[in-house]
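Have the viewer open and follow along.

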Amino acid sequence: MNALVINGPNINMVGIREPNIYGRETYDDLVRICKEAGSEFGFDDVEVFQSNHEGAIIDRIQDAYGTVDGIVINPAAFTHTSIGILDALKAVSIPTVEVHISAVDEREDFRQVSYAGMACFARVAGEGLAGYRHALQLLADHLK
């Protein structure tokens, strides 16, 4: 099994950006957590991708078609705005879990809408970076 973890804008700034919301763990910690969890849950490979550009995320989703068994996605701010990411996820029909570091449901009203989530079979939110481990576990269980 191969998994792709996609992170949207500003996720590369975790540990620096609003540590009271996103914690002090770094993006390198996020990558390490994903790689370790992937190995633990039986993935042969877990690629971690981050972009601040919506089109690059859409391109990566499309490129995953036929090469990736499952996706974990944190679209970040694009969660609430990107029908393009939703359409890309629907187009490739790869099982996907949505993940958010913060408890988005307890934040601003505009964060209550998740377009990408409409193409996902599960959602993990508010668990910090550990949520990525949880999301990969859900994905592995779904794929098995």
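Which residue of β4 does I71 stand opposite? I71 stands opposite T96. Before going further, a word on the ground rules: this is a predicted model, in which local features need pLDDT of at least 70 and side-chain atom pairs count only at pLDDT 80 or more, while totals for chains, interfaces and linings use all residues. Residues are numbered from 1 along each chain as its sequence is written, and side-chain values use heavy atoms, with hydrogens and water left out.

Strands here are DSSP E runs of at least two residues and helices are H or I runs of at least four, numbered from the N terminus; two strands pair if DSSP finds at least two bridges between them.

β1 (residues 2-7) pairs with β2 (residues 45-50) in the parallel sense over six bridges, and A3 has V46 as its bridge partner in β2. Towards β3 (residues 70-74), β1 makes a parallel pairing over five bridges; here L4 stands opposite I71 and V5 opposite V72. β3 and β4 are also parallel, over three bridges, and four bridges join β4 to β5, with V124 in β5 as the bridge partner of V99.

How covered are these strands? In β1, five of the six residues are buried, where buried means under 20% relative accessible area, exposed over 50% and partly exposed in between, with a 1.4 Å probe and protein chains only. In β3, five of five are buried: G70, V72 and N74 point one way, and I71 and I73 the other.

V72 brings us to the packing. V72, Y132 and L136 have the most contacts inside the largest nonpolar core, which has 27 residues; such a core is a set of buried Ala, Val, Leu, Ile, Met, Phe, Trp, Tyr and Cys residues joined through side-chain atoms within 4.5 Å. At least two residues of this core come from each of β1, α2 (27-40), β2, β4 (96-100), β5 (122-125) and α5 (130-143). Apart from it lies another core, of 18 residues, among them I71, F78, I85 and C120. As for Y132, leaving aside its neighbours within four places in sequence, its contacts (heavy atoms within 4.5 Å) include V5, L30, V72 and V99.

Finally, look at helix α4 (residues 83-92), where I85, L86, A88, L89 and V92 are buried. Seen down the axis of α4, its buried residues fall within an arc of 165°, so they line one face of the helix; the arc is that of the directions from the helix axis to the C-beta atoms. These residues pack against α3 (54-63), β3 and β4, while the face turned away from them carries the exposed K90 and A91. After α4 comes S93, whose phi is positive, near 55°.
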